[in-house]
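Dear colleague,

I am handing over the structure below, followed by an account of what was found in it. Please read the notes with the coordinates open beside them.

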Amino acid sequence: GGAGSEVDAGPRPDLARVLERRFWTTDEGRASPGGDPKFAARVAGRAERGQRTARQNIEALVDAGSLFEYGRYAVAAQRGRRKLEELERRTPGDGLVTGVASVNGGAGGFSAALSKAAVVAYDATVLAGTQGYFNHAKLDRMLALAEQQRLPLLLLAEGGGGRPGDVDIDPIYNSQLAVSTFRQMGRLSGRVPLVGVASGFCFAGNAALLGMCDVVIATEGANIGMAGPAMVAGGGLGQVAASAIGPSAEQARNGVVDLLAADDAEATALARRYLGFFQGPLPPPATFADQRLLRAAVPENRKRAFAVRPIIETLVDESSWLELRREFGRGLVSGLARVDGRPIGVIANSSAHLGGAIDSDGALKAARF
């Protein structure tokens with residue numbers, strides 16, 4: 001009888017406290033009474049702009065149920081000016097969701113070892129996605145894991161850069177950015193695939209991390225800049241709207257953005273697809289494009305221009321072609337594809353631009369690729 005009473009009593013107080021803390025980190029908890037009173041309105045506004053929450057984006061990015069989260073219970077280093085309960089409800093994870101997960105595993109075609117990846121998502125609904133003391137520590141941990149285990153890193157970089165309001169840390173120390181984050185991120189370059197996604201405003205330190213990625217995927221509503229409005233004004237350059245700084249369409253023409261997406265849903269799908277090229281071969285497709293089309297693809301008259309993209313799309317596995325930096329360096333076409341299921345890189349001159357000559361933008365595009 002005594003044992004049954006204990007079971008019926010529910011979780012003991014310490015476990016109940018953990019479960020409560022966990023609830024306040026979820027989107028459901030934050031939108032519920034007692035959570036963040038501004039969260040529901042922020043989520044609604046994001047939905048109107050084709051944006052999702054950080055957790056929704058991670059859910060779409062990784063295989064279902066595969067996320068092993070790190071640092072979930074961190075809060076902003078602001079206990080010197082705010083109550084702990086408030087920080088738990090309004091600054092979950094210190095504005096950063098981090099973990100290890102499977103991407104493109106199972107039905108995606110890759111083994112558990114090949115699909116394992118590190119995932120980092122700044123949460124713009126928490127202190128504008130800024131970089132705080134504890135979320136820097138969380139990110140440093142993930143970068144170290146990515147290096148040690150040779151894991152691809154997927155970075156959702158929305159946010160406003162360094163945060164000045166973490167009063168629990170010595171202000172001089174904090175202003176010196178005494179973190180290993182940027183050095184560690186740079187050290188990963190060339191060692192593991194680095195996939196960056198920008199949605200909404202991505203400024204300062206967030207943009208610096210984005211710029212170190214191998215590929216930059218941005219939504220049509222994204223803005224990317226090494227300085228946000230406050231820094232621009234602080235530099236004596238006047239008041240500038242955040243939406244006027246580095247719009248993604250302009251950054252695509254400048255070669256900063258590799259892939260443009262309509263919204264968060266397409267951006268996360270592109271990130272999964274891009275990463276798949278670096279996870280290994282897939283079974284050869286059952287059907288191929290009619291290769292006889294290539295006979296007439298290049299005109300006999302060498303002075304006639306021709307479309308090179310249909311040639312690429314005919315040569316490679318159907319629907320496998322993923323073109324990068326299409327809006328930049330128009331004389332050169334670069335991208336990823338598969339042939340008999342094996343991933344390949346493609347570089348091709350476009351005779352429709354300067355007769356196929358390689359100009360400076362085309363050379364930069366080829367070198368980066």
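**Helix α4**

In helix α4 (residues 39–48), the buried residues include Phe-39, Gly-45 and Arg-46, where buried means under 20% relative accessible area, exposed over 50% and partly exposed in between, with a 1.4 Å probe and protein chains only. Seen down the axis of α4, these buried residues fall within an arc of 125 degrees, so they line one face of the helix; the arc is that of the directions from the helix axis to the C-beta atoms. Ala-41, Ala-47 and Glu-48 are exposed on the other side of α4. The packing partners of the buried residues of α4 are α3 (27–31) and α14 (264–276), with contact taken as heavy atoms within 4.5 Å. Just after α4, Gly-50 takes a positive phi of about 75 degrees.

This is a predicted model, in which local features need pLDDT of at least 70 and side-chain atom pairs count only at pLDDT 80 or more, while totals for chains, interfaces and linings use all residues. Residues are numbered from 1 along each chain as its sequence is written, and side-chain values use heavy atoms, with hydrogens and water left out. Helices (H or I, at least four residues) and strands (E, at least two) are DSSP runs, numbered from the N terminus.

**Helix α8**

Helix α8 (residues 133–149) has 17 residues and reaches 25 Å from its first C-alpha to its last, close to the 24 Å expected at 1.5 Å a residue, the expected span being 1.5 Å times one less than the number of residues. Its buried residues include His-136, Leu-139, Met-142, Leu-143 and Leu-145, and among them are also the charged residues Lys-138, Asp-140 and Glu-147. Among the elements that cover the buried residues of α8 are the strands β1 (68–70), β2 (96–102), β3 (116–122) and β4 (153–156), together with α10 (181–188) and α11 (204–211). Just after α8, Arg-150 takes a positive phi of about 55 degrees.

**Salt bridges**

A salt bridge is here a side-chain nitrogen of Lys or Arg within 4 Å of a carboxyl oxygen of Asp or Glu, and by this rule the count comes to 25. The side chains of Glu-147 and Arg-187 meet in one of them, at 3.1 Å from N to O. Glu-147 lies in helix α8 and Arg-187 in helix α10, so the pair ties together parts that are 40 residues apart in sequence. Glu-147 is buried at a relative accessible area of 16%, whereas Arg-187 counts as partly exposed at 34%.

Arg-17 forms a salt bridge with Glu-88, the closest N and O atoms being 2.7 Å apart. Because Arg-17 lies in helix α2 (residues 13–25) and Glu-88 in helix α6, this pair ties together parts that are 71 residues apart in sequence. Arg-17 is partly exposed, with a relative accessible area of 36%, while Glu-88 is buried, with 6%. Both residues belong to a network of salt bridges that also links Glu-20, Arg-21, Glu-85 and Arg-89.

A further salt bridge joins Arg-42 to Asp-36, with the closest N and O atoms 3.4 Å apart; Arg-42 is partly exposed at 35% relative accessible area, and Asp-36 is buried at 6%.
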